[in-house]
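Welcome! Take a moment to look over the chain below, then try each exercise before reading its solution.

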Amino acid sequence: MEEQSQILTSFQRKLLLKHMKKERRAEYRRRIEIMLLADAGKSQAQVCEELGCSQKTARQWIEMARKGKAHLWHESPIGRPHTVNDRYLQRLRELVGHSPRDYGYPFKRWTAGWLSKHLTDETGIEISDRHINRLLKEMGLSTRSPHVKEGINQAVSKDKDLKIALYDLQPPASTESSDLLLINPIEVHP
């Protein structure tokens, strides 16, 4: 004899029972069990005692069943969000070293937003573009083109194509004062 459903439809109950048999992750099975026990008429306290789960967890999934959302048992992520690991950082470094066109994108330069989206698709770890920029800065990397550096270390002549960048200059091998060549500015008289 089949038990009388308290809060689930017969379709929802059959669906949960089917997934209960196939589901390998204990956390997901517990969600299903909570809803099935509540559907069988068990109180929140009885569910917690039987399954050894927290009141909050039992309350959340009993409420999902009552709202008719039992089919969403697998949608909410379990536990804390994924964190960035060494593999993620290595992949970020690889991506910045290559053109986005190598990965099928139509643009020439990565942005933090696109790096975030691409890495979310690859790794499942979702972080903001601001956090991507923070990670890049910590690694000494940037999404800016390495060919054109901006800032006070760059002098641009009247000819827009000619650029002299001070970061290209190498310091002398010896820095003793006698080895340094002093240059006096040229005075221009009108």
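This is a predicted model: local features need pLDDT of at least 70, side-chain atom pairs count only at pLDDT 80 or more; totals for chains, interfaces and linings use all residues.

Residues are numbered from 1 along each chain as its sequence is written, and side-chain values use heavy atoms, with hydrogens and water left out.

**Exercise 1. The whole chain**

Find how many helices and strands the chain has, and where confidence is lowest and highest.

Solution. 
- Step 1: Start with the elements. There are seven helices and two strands, where helices (H or I, at least four residues) and strands (E, at least two) are DSSP runs numbered from the N terminus. Their order from the N terminus is α-α-α-α-α-α-α-β-β.
- Step 2: Turn to confidence. The pLDDT (the predictor's confidence in each residue, from 0 to 100) has a mean of 79 over the chain, with 71% of residues reaching 70 or more.
- Step 3: Strand E1 (residues 154-156) is lowest, at a mean of 47, while helix H3 (residues 44-51) is highest, at 93. Over residues 148-157 the pLDDT is below 50, and this stretch has 15 contacts in the model beyond near neighbours in sequence; a contact means heavy atoms within 4.5 Å.
- Step 4: Check burial. Of the 190 residues, 25% count as buried, and here buried means under 20% relative accessible area, exposed over 50%, and partly exposed in between (1.4 Å probe, protein chains only).

**Exercise 2. Helix H1**

Work out which residues of H1 are buried and where they lie around the axis.

Solution. 
- Step 1: List the buried residues of H1: Gln 12, Arg 13 and Leu 16.
- Step 2: Look at the face turned away from the buried side. Phe 11, Lys 14, Lys 21 and Lys 22 are the exposed residues there.
- Step 3: Ask what covers the buried residues; helix H2 (26-39) is included.
- Step 4: Zoom in on Gln 12, which has a relative accessible area of 11% and is therefore buried. Leaving out residues up to four places away in sequence, Gln 12 touches Ile 7, Gly 68, Lys 69 and Ala 70.

**Exercise 3. Helix H3**

Name the buried residues of H3 and what covers them.

Solution. 
- Step 1: Val 47, Cys 48 and Leu 51 are the buried residues of H3. They fall within an arc of 100 degrees seen down the axis, so they line one face of the helix.
- Step 2: Their cover includes H2 and helix H4 (55-66).

**Exercise 4. Aromatic rings**

Solution. 
- Step 1: Recall the rule. Rings of Phe, Tyr and Trp (its six-membered ring) pair if their centres lie within 6.5 Å; planes under 30 degrees apart count as stacked, over 60 as edge-to-face and the rest as tilted.
- Step 2: The whole structure holds seven aromatic pairs.
- Step 3: Join the rings up. Ring pairs link Tyr 103, Tyr 105, Phe 107, Trp 110 and Trp 114 into a cluster.

Methods: The arc is that of the directions from the helix axis to the C-beta atoms.
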